[in-house]
Amino acid sequence: MSVMTSFKKILSGIVALGFVLSMEALAKPTAANTLSISAAFEFTSLDPSKNGYIYSRMQVLETLLDVDANGVLIPAIATQWRVSEDAKTWTFQLRDGVRFHDGSLLDAAAVVNSLEIAQKKHGALRNAPIMTIRALDRHSIAITLSRPYTLLGAVLANYANSILSPAAYGKDGEVLALSGTGPYQLYQFSPPHKLVVEKFDVYWGKLASIPYASYLTGHRSESRVLQARTGQADIVFGLDPASLMSLKHLPRLTLYSNAIPRTIVLKMNSGHRFLNDVRARQALSLAINREGIAKGILRTPGSETAQIMPSSMANWHLEGVTAQTEASAGTPGSVLAALGWSKNAEGILERNGERFELTLITYADRPELTAVATAIQAQWQAVGVSTKVEVTNSSAIPMGHQDGSLEVALMARNYGFIADPLGVMLSDFGSNGGGDWGAMNWNNPDISALLSALERISDPYQYRVIAQRSAQLIYDERPVIPVTSYVQQTSVNKRVQGFRFDPFERSFYLNELEFVKP
Amino acid sequence: MKTLLFKRALQLLTVVWGVGTLTFILMRSLPGDMAYRIAASRYGQDNVNAQAAQMVREELQLDQSAFVAYWHWLTDLLQFKLGDSLVSGMPVTETLQHMLGHSLLLALAGLMVSILIAVPVGLLCAWRGNPLDSIFMGLSSVIRALPVFVIGVLFILLFALHWRWFPVAGFGSFSHLVLPAFTLALSLAAVSNRVVRDSAKRAFSATFYQFSKVKGLPAWQTFRRHGIRNIAVPVVAFFGIQLVSMIEGIVMVESLFSWPGIGHGLAHAIFARDIPVIQGAALVMGVLFVFLNTLVDMLCLWIDPRGAKTE
Amino acid sequence: MSVLLKLIDVAVYVGDRCLLAPISLELTQGQPLTILGKTGSGKSLLAQAIMGLLPTALRVSGEIHVYGKRMTCRERQQLWGRELVMLPQEPWHSLDPIMKCVDQVTEVYQCVKGQNKQDALRSAEEALYQVGLSHIGNKRPDELSGGMAQRLAIAAATAGGATVILADEPTKGLDVSRRDGIVRLLQSRSRFGSLLTITHDVTVARQLGGALLVMKDGHLVEKGETMVVLDSPQDDYTRALIAAEPSVWTDIAPHSQKHDTDDILVVDQLKVARGGRTLFDGLSFSIKQGDVIGVVGDSGCGKSTLGDALLHLVTPLSGRIARLNQAAKPHQWLKLYQDPPSAFSASVSLGQLLDDIIQLHDIDRTRVAPLMAKLSLPNGILERNCLAVSGGELQRFSILRALLLDPVFLFADEPTSRLDPITAKEVTTLLVSLASEAGCAVLLVSHDAALIRKTCHQVISL
Amino acid sequence: MKLTTSQWLGLSLLVGLMAFAVLGSVFTPYTVAQQDLNSVMTPPSLTHWLGTDHFGRSMLSRMAHAVGLSFALSLVCVLTSSLIGTAFGVWAVWGGKKVDNALSVAVNVLLALPGLVVVLLFAAIAPGSFLVLYLAISLVQWVEYFRVVRAITQNVIQSPARQSSQMMGFGRWYQFKRHIWPAISPSVFTLAAFGGANAILTMASLGFVSVGIQPPLAELGLMSVALFPYYSEAPWLLAQPLVVIALLILGFHLLAGKRA
């Protein structure tokens, strides 16, 4: 009987089919000539307004202006820019001889086209007070504003406003090909997990040395750690702090811990009947053992913070705020007792027969948030506040803000999303009551006035004074309670040299990297 | 054969309708505003806000009533239109095709390896009897008690971290396939080797098997002519049953090893609320399941034309 | 005449327990040997011991000589197919269920005789032709009747050239007409060697002639020339076995048959089909109170279906079944099943089952004891469940249960075919006599025409 | 029901684990959520018999609660699904062609979707809800009982024993009690044991992909993921949930005996 042989035939047929279906995944540059990068974020779309941060980090896309490590604007596609006297017109001089990956030359029309399309999509440009964007000649463009807007430069440096070749867009502005101007061009695009870029030989700036670079999404932080351990990935971003101890012992890894303008904060519903008194928010802030969280859970001692901005954002960082200033207000117990709360038999605070119960939502995208939430839950429990933790999707926070259901949310806020923190400050605290990722039901007329004044101020000294006042106001009133500032943990294999970390997470600086010659 | 195919075709229709409707109802009852979730997936956690959600809502017409949405979906389905992913905007069929390729590769590799493990072990146990039998059966009982993710974790600890033989996760080369495939295979083989063994034992002790030897056929000829095919009947039928645990295993294995297959994609689509992808993926799984079951049925019928298998 | 097979004090043990007491016998050329005894009397063990087929848990002692040479188990296994062959009990089980019939014979010519594929196929077709099966070559065993399967098994078994044939119950479950054919076939196949047959059927032993061994519970009770032993049995057990043959029964149809009783059931132009095949058509008859009606016919002709139709368990295609006895309740039309254990729930004791009935129908409890005595049922069986009592006892218990409900009609579907002959006779006698005593009509289905002839007033042949 | 040696072994394993869960939850001085960030990942000691996790929580309390939670879930799931599955299985045979067809359609649809996927969908609706997890697992599991019970019942309905009871005038409840239940109960028991294992497995799998129970509740799958990063620093921590999951499932499998 030929049962087995026929069976095998059928099987091998199906196997062949499977291989054909996944063929594209099998053809690829070799491990020796490819820098492999692993990070948590998936990409699904070519559109820069959606996943542009990945393409910008992989240096496929570039923006008009760039930002240095201190947040200062520096030239990129635009070599110079000028702001008019009334601060309402910005002119940009474009770099000469910049080529798109599709071979065409960059000109003013292409830049205007990209910016106009970006304006229609979701992003910061949409909210900027822009009246017109026009080409002045082949190598310069002008943007006119309806009112002074100092943020424009930083907004233009945002990944969503990357410049693509006109041929890259479809008729409705959808992105069909990722023809940017960066030192690397797209080689393979297998959403949502794998992206390979190839060095672009006619780049205008520093040419890349490594021929290929791949970006692989590793959803599970454990897997990423393992990829770092085994050398399967050369650079691994977003390492789980829990794993640092074990990685430190590995000789061929270099670990980088970089503070970034991202802060773990608790968004408080200041309109909630338990939280509408400043003292209640202060008490909850006092009850958090920040040092313990920074050291025990995040393994980054010293990252604890009581203010939203890190010291690198000098304009916004308050000097002289320490744990002691915190503690001067009293103990959480005494503050809450003053508000009429007393502990019941179970050790939970009660007032007028109502238990002090809060729901804290957070999201699973960043694994450390769940851990921090768990710690805060226990620490609040200790002072008699019972907290229900719900781990959900990040969108639950803006949604809870909008429908008013949110009580407390733990989140990782990126204040450097726009290179000038004012951008995020405005959206978080600028408008009445707060913003999706900022204050909630916190009606403070002063802060709105201060922040909108900053939009027009270009004098650095004046700017700093007002920024400091705003920061002090937020620190005093606690519409959000900062917990720790963020330290990005990165491991780099020793076969790679020249690694540099961008605190604004705009670029991986791939073109500066080299393989160590064996 | 014809009635079998007809019955299966009918089942396919009910499955398509049922799975579609079920996922539709479930997705509609997911808490929270769909627009926000989609916006979060599209624009990333740093850039999702009410404005983004509003854009999504307008673009995708998420305001229409459940009934209208259901009707649209159903009519589209009848024209084989699965729509575009809400998150990426890519056609669902394309997304699924990509994922399905990877899943099939993993599934087949896993199945083959599991057969390569289970069949020899099962036959050996049935043939040699104790103590070999007890050892292997005890071992497979222990492995059976390990969830597939535990097997995977142990494999990673041993083969990827300790010995560094294979990569930890990812895809794209043969060495990437090894650990996920073996994880899947081992969990499958721990169950199927028992089926092979039981079936072989039954065949070896069957009267006809004995009679063949009594007729004068040598042991090998008896095994070849009367063993293989008779042993195969319940084993092949069992593979049909094992399909379910295989698909479940694939969901876990893909998640553990970052293998970009359909199970992993489905899990992600559920969190992102990418309804077309969820429905597409569930549908593909359902259809695939019916299709593979039909294949198994036909295989069974071909091996054993008595048509003993009714379900 | 050479001695082909010689056993000296062969016994079978499991652990220390003796399953088959030491037995010695000789099988000589041309002189068939038959071993007669009830099922479970250790006959099959003997055949398996000779072949070398016993499970490893069993131990054999004594000497087995083949062709005058003492041989070990392994040596005897070398002879399989070429010299020595055994036909297993159930032909369906001895054939590969998923292999075409002709292949099962071909492979023997190929592997044992060493013929090439074409020659082997030709030889196999020839062999099938000889046993009258040339038309079934492409069928599978499950498509064959019992007789055909047995003939195929014989063709396959003897294809390798073996002339010493051991046949274990070769006629079990076959109709009388088929049985005789098999016996003749076996005789012709063993013409150049010899035949050792194991059977419970006295008729088969008589047909085979030669020498006879009678066994009971693993012991030899009598041995000698078949005709001599059967005509003048010395042992009581042998006598009982012979007397249990329906053909030698005294007529046990009740004599008290009254001709003036009323019809309880009239069947008119009945047509019944099963699985799309019409079993019978235009059947008309009537049953009077206390009648014993026999139904005979070959297997598969619809005997049981007829009974089921009368009990409304099967819906007829056309025709009329009229129950004329208006006073009788539905539960007084009952059935006795062929396989007694399958007719009882094994989950509780028989006593519990009896109590259930008594409670449901408010039956006078005092009626139980005398009935049990009549059926010679020991009291102890009430504490056991249906799997722990013998088939005969269980069938008598079903009669008891039925009679307690004062039935007007009892359909007995081959009630004794699974019982050994001696018990079968007892049960049949009790059934008929007690039923007619109670005025209950009985429809008795059997494949054994002799049994029906001896017990029934009226016979329906299908 | 008479148990074999391995079934006894399985039963005692489960009873042992249950005793651990009950005693552990009752007598531990620490709650599942009580943290001590100053003593994280301590090895087993007199104060913390099983050590502490990365939050400095007592592993003993957490393991006891996690095992208890697994048992609770598997128990309610098994009870619900076996009851529904058995009832529907018998009903499908006895209720006539229409009922049978309607139930078959539902079952076919459910069968075509892998159970884990259905549970995943449900869990996504209400993350962290024990109730939803329970409903989803029960919804998936009843099908197996249904199929087996229906198949066996079909045979029993045609069996002479049941037919004879019916002819003798016994009602449906009696027929169920005497004929159907004794025939299906061994299979239902076996399925229940496997179902218990599967419920635990499903919950752990969901926990492993972070969809199951939410913190600070202790759950075995979630604990496995949370402790995985520390496998080299504190292997005894990761081992605990993994070993217990395996023991639980092994216990249920042994209790199930041979698969029917």
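This is a predicted model: local features need pLDDT of at least 70, side-chain atom pairs count only at pLDDT 80 or more; totals for chains, interfaces and linings use all residues.
In chain B, 72% of the contacts with a separation of 6 or more are between residues 24 or more positions apart.

## Chains B and D

In chain D, 60% of the 260 residues count as buried. When contacts between residues at least 6 apart in sequence are taken, 71% of those in chain D join residues at least 24 apart. Carbon and sulfur atoms make up 70% of the accessible surface of chain D.

The table sets out some further values for these two chains.

| Property | Chain and value |
|---|---|
| C-alpha span along the principal axes | Chain B, about 80 × 55 × 30 Å |
| C-alpha box along the principal axes | Chain D, roughly 75 × 40 × 25 Å |
| Accessible surface | Chain D, about 10,000 Å² |
| Distance between mean positions of charges | Chain B, 23 positive and 16 negative, 20 Å |
| Distance between mean positions of charges | Chain D, 13 positive and 6 negative, 27 Å |

## A nonpolar patch on chain D

Which residues form a nonpolar patch on the surface? They are M18(D), V22(D), L23(D), V26(D) and F27(D), and together they have about 520 Å² of accessible area. M18(D) sits in helix 1 of chain D, which covers residues 5–27. An α-helix has 3.6 residues a turn, so residues three or four places apart point the same way. M18(D) counts as partly exposed because its relative accessibility is 41%.

## How the chains meet

There are 5 pairs of chains in contact, and chains A and B share the most contacts among them. Chains A and C, in contrast, have no contact joining them, and their closest C-alpha atoms lie 10 Å apart.

Is helix 10 of chain A mostly covered or mostly open? This helix, residues 290–297, is mostly covered, with 6 of its 8 residues buried. The buried ones are R290(A), G292(A), I293(A), A294(A), G296(A) and I297(A). Just after the helix, R299(A) takes a positive phi of about 60°.

T484(A) connects to this part of the chain. It is found in strand 19 (residues 480–493) of chain A, and it counts as buried because its relative accessibility is 0%. With neighbours within four places in sequence left aside, the contacts of T484(A) include R290(A), I293(A) and A294(A), which are among the buried residues of helix 10. T484(A) is also in contact with T263(A), I264(A), L298(A), S303(A), E304(A) and T305(A).

E62(A) lies in the loop between helix 3 (48–57) and strand 2 (65–67) of chain A. Why does E62(A) count as buried? Its relative accessibility is 12%, and buried means under 20%. Residues up to four places away in sequence aside, E62(A) touches I77(A), S162(A), I163(A), T181(A), G182(A), P183(A), Y203(A) and W204(A). E62(A) and A157(A) are 95 residues apart in sequence, yet their C-alpha atoms are 8.4 Å apart in space.

## Two loop residues with positive phi

A87(A) is not a glycine, but it has a positive phi of about 60°. The residue is placed in the loop between strand 4 (78–83) and strand 5 (89–94) of chain A. With 22% relative accessibility, A87(A) counts as partly exposed.

N441(A) is a residue other than glycine as well, with a positive phi near 55°. Its loop runs between helix 15 (422–430) and helix 16 (445–454) of chain A. N441(A) is partly exposed, as its relative accessible area is 41%.

Notes
Residues are numbered from 1 along each chain as its sequence is written. Chains are lettered from A and ligands numbered from 1 in the order in which they are written. Side-chain values use heavy atoms; hydrogens and water are left out. Buried means under 20% relative accessible area, exposed over 50%, partly exposed in between (1.4 Å probe, protein chains only). Helices (H or I, at least four residues) and strands (E, at least two) are DSSP runs, numbered from the N terminus. Patches are made of residues with over 30% relative accessible area and no salt bridge: like charges are joined within 9 Å, nonpolar side chains (Val, Leu, Ile, Met, Phe, Trp, Tyr) within 5 Å. Accessible areas come from the Shrake-Rupley method with a 1.4 Å probe; for residues, only the protein chains shown count as cover. A salt bridge is a side-chain nitrogen of Lys or Arg within 4 Å of a carboxyl oxygen of Asp or Glu. Contact means heavy atoms within 4.5 Å. Lys and Arg count as positive and Asp and Glu as negative; His and the chain ends are not counted. The place of a charge is taken as NZ of Lys, CZ of Arg, CG of Asp or CD of Glu.
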